[in-house]
Amino acid sequence: MNTPGFPVSAVRPYFSVVVLEGEDFAGLTEFLAASGRGDVVARHETPDLVAFVRRREDPPTWAGPEAGFVDVTHQLTIVVRRGGFVVVCTDKPSQERLQTWLDRQSSLRRYPSEVLESALIRGEVKNLWLRGIHRRTSVKADGKVLSGSAVEQTLSPHEDGSYVAGSARAALPMRPDLLLLKGNAGTTPRNALVWLSQRADFETFTAMAAELLDLLEEARAQGAERPDFLAMLASPADIGEVREAFEVIVEDPDTLPPGSLSEELRELALSIRDDPPAVTGFPDSAAFVLDGAEVTPEPAGDKIRLGGESPILDTDLLTVYYQSGHSYSRGRFWQARAPEYPFRNWRFEDFQGWDVRREKPRADSPQQIHDRVGSDNSLFDWVARHYDHGWLICDDGPGEVADFLHISAGRTLSLIHVKSAKSHSRVRDVSAAAYEVVVSQAVKNLIYVSRGHLRPQLSRPPVRSPASWIDGRRVRGRRDFLRQLDARVATDDMRVVILQPHVTQRVYDQLRGPAGRGSPELMRLHLLESMLNSARQSATGLNADLEVIASKD
């Protein structure tokens with residue numbers, strides 16, 4: 001039925017469309033017409049086309065209903081069918097309602113995201129919108145927006161491997177059969193959304209839709225291979241592909257918005273974070289046993305819920321890693337295999353006679369910790385004993401730069417962060433979770449490597465009488481250390497040192513040899529070394545280096 005006053009030849013919409021496949025054309029058009037606010041005031045319909053205009057009246061955003069002002073808008077929706085495919089052009093609120101509707105029924109499906117990636121992100125990428133799936137942290141953005149002539153060349157597997165490509169805008173292929181699809185096209189593959197920054201009359205619009213479907217179908221027929229650069233990013237994964245969990249890491253609860261957790265749940269999260277639970281996966285399932293209790297991932301709407309007894313499972317604090325190369329984060333499974341590049345700056349030391357399970361001397365106050373360093377067998381005491389040359393200070397306490405800072409005779413500055421091992425056993429398992437807290441702290445405190453930040457911070461010790469040494473001899477105050485710090489120049493070496501003896505050289509060498517191939521422990525080592533390589537990259541960007549001290553035995 002044609003509605004008078006609505007000649008489709010007069011419309012000039014922007015080409016922004018959702019591409020679907022399926023047979024329920026009537027159900028789709030009925031949903032779009034009935035779901036929005038306002039009245040449909042004009043409609044044009046043929047067997048393969050429905051177009052209508054919705055009229056809405058709303059108060060201006062700056063006025064309340066009693067102000068008496070009304071904004072009138074007219075929203076256009078066009079639905080075009082071509083064989084088993086449907087192209088929808090509509091306003092943003094209607095797009096959002098459509099996406100929710102598509103999640104709840106099966107008669108229509110979004111066009112496969114991998115085909116959209118293959119067909120539309122092949123040329124030089126001009127814009128890339130990245131969304132993080134990593135644990136939220138103050139030193140890594142939740143998302144990124146990249147812009148340039150070829151931004152795909154700026155990606156790094158270490159820096160960007162924990163991001164998923166949300167949207168992209170790239171150059172379309174130069175082909176004689178593409179008469180209308182030219183220039184740069186944007187796509188949000190998970191929503192099957194495609195857009196060009198140009199308006200078109202109705203005849204041109206329908207011709208562009210036909211060209212787009214031809215381009216997509218050709219890409220699908222050729223195998224729809226993902227662009228190479230997307231392999232450096234994470235991608236959504238199906239639960240059926242996921243198997244054999246091997247590690248669970250709990251995010252710092254303070255990274256969530258205030259009020260997100262009860263005090264009891266926050267304390268539980270902190271205790272689990274400090275003492276990571278044992279994880280056992282299954283070779284044919286995404287389920288796993290966490291600290292003796294089975295956890296079963298199960299669909300919950302458009303997300304995946306971790307079903308189990310612990311209340312921590314209902315938060316966004318857990319990241320679960322799987323041997324299949326997947327991870328679970330924030331209600332989704334992702335394909336995000338840790339890069340298998342060894343970390344080159346391990347330093348294995350002898351901790352015979354030292355208590356690797358104890359970080360600090362036994363004390364009742366921060367001042368007592370400083371007073372007793374050097375008289376016990378904790379890891380703090382190990383630092384005082386083994387950095388017995390040059391100038392050493394302890395900075396442990398609120399607002400610390402690091403647990404210790406050291407300046408050598410050659411003016412190399414070391415920021416030393418200390419964390420205890422999780423076990424005394426000489427064959428203790430590798431654990432990425434055992435390193436996560438201290439690595440995060442070390443990266444966060446990189447802000448202090450600039451002398452403009454470091455000197456003022458160290459001038460305010462965390463206790464009245466901070467522990468200080470010169471060539472292994474205890475001295476009062478930090479005056480001599482600060483003089484040496486002032487004498488350094490920009491070309492002097494700087495390093496961040498993480499002392500965490502949980503990894504042993506014996507286990508490390510076994511895993512890096514033939515015996516470790518394919519084992520869950522090797523996967524944990526890959527995850528740990530990926531974390532360390534990423535932290536090292538952050539350090540080298542500030543003209544520092546990262547070294548990790550672990551145990552020989």
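In what order do the eight strands of the open sheet run? The order is E21-E28-E27-E24-E23-E22-E25-E26, with mixed pairing. This is a predicted model. The largest nonpolar core holds 54 residues, and another core, of 53 residues, lies apart from it. The structure has zero disulfides.

- Strand E21 (346-349) and strand E26 (473-475) are the edge strands, and each pairs on one side only.
- On average, neighbouring strands of this sheet are turned by 25 degrees against each other, direction ignored.
- Inside the sheet order, E24 and E23 sit side by side. Strand E23 (residues 404-407) runs antiparallel to strand E24 (residues 413-418), and four bridges join them.
- Across that pairing, Phe404 stands opposite Ile416 in E24.
- Strand E28 covers residues 545-551 and contains Glu547.

**The nonpolar cores**
- Val17, Leu28, Val88, Leu98 and Leu212 have the most contacts inside the 54-residue core.
- Helix H5 (residues 202-221) gives the most to this core, with nine residues.
- Nonpolar side chains tend to be buried together in soluble globular proteins.
- Leu98 touches Val18, Leu28, Phe31, Leu32 and Val88, leaving out residues up to four places away in sequence.
- The other core, of 53 residues, includes Tyr321, Met523, Met531 and Leu532.

**Helix H1 and its surroundings**
- Helix H1 (residues 25-35) has these buried residues: Phe25, Gly27, Leu28, Thr29, Phe31 and Leu32.
- Which elements do the buried residues of H1 pack against? The strands are E1 (14-22), E3 (49-58), E4 (71-82), E5 (85-89) and E6 (108-110). The helix is H2 (92-103).

**Two hairpins in a row**
- Strand E14 (residues 279-282) and strand E15 (residues 285-290) run antiparallel, joined by four bridges.
- The hairpin from E14 to E15 passes through two residues.
- Val279 stands opposite Leu290 in E15.
- E15 is also joined to strand E16 (residues 293-300), by three bridges, and these two run antiparallel.
- Val289 stands opposite Glu294 in E16.
- Two residues lie between E15 and E16 in their hairpin. Asp291, in the turn, has a positive phi of about 55 degrees.

**Aromatic pairs**
- The count comes to 16 aromatic pairs.
- Trp62 and Phe69 form a tilted pair, 5.4 Å centre to centre, with 55 degrees between the planes.
- Trp62 is exposed, at a relative accessible area of 64%. Phe69 is partly exposed, at 48% relative accessibility.
- Why is the pair of Trp129 and Trp195 called edge-to-face? The planes stand at 65 degrees, and the ring centres are 6.3 Å apart, so the pair is edge-to-face. The cut-off for that label is over 60 degrees.
- This pair links distant parts of the chain. Trp129 is in strand E7 (residues 125-132) and Trp195 is in strand E11 (residues 193-199), 66 residues apart.
- Trp129 is partly exposed, with a relative accessible area of 31%.
- One aromatic cluster is made up of Phe343, Trp346, Phe348, Tyr435 and Tyr508.

**Cysteines**
- Is Cys89 buried or exposed? Cys89 is buried, because its relative accessibility is 7% and buried means under 20%.
- Cys394 is also buried, at 0% relative accessibility.

- Glu436 lies in helix H9 (residues 433-444). Glu436 counts as buried because its relative accessibility is 6%.
- The C-alpha atoms of Glu436 and Asp274 are separated by 9.7 Å, although the two residues are 162 residues apart along the chain.
- Glu547, in strand E28, counts as buried at 16% relative accessibility.
- Which residues does Glu547 contact, leaving aside neighbours within four places in sequence? They are Asn345, Arg347, Arg495, Val496, Val497 and Ile498.

Key
Residues numbered from 1 in each chain as written. Predicted model: local features only at pLDDT ≥ 70, side-chain atom pairs only at ≥ 80, totals over all residues. Heavy atoms only, no water. Core = buried A, V, L, I, M, F, W, Y, C linked by side-chain atoms within 4.5 Å. Buried < 20%, exposed > 50% of the residue type's maximum accessible area, 1.4 Å probe, protein only. Contact = heavy atoms within 4.5 Å. Pairing = 2+ DSSP bridges. Disulfide = S-S within 2.5 Å. Axes fitted to C-alpha atoms, helices over the stretch in contact; angles between N-to-C directions. Phe/Tyr/Trp six-rings, centres within 6.5 Å; stacked < 30°, edge-to-face > 60°.
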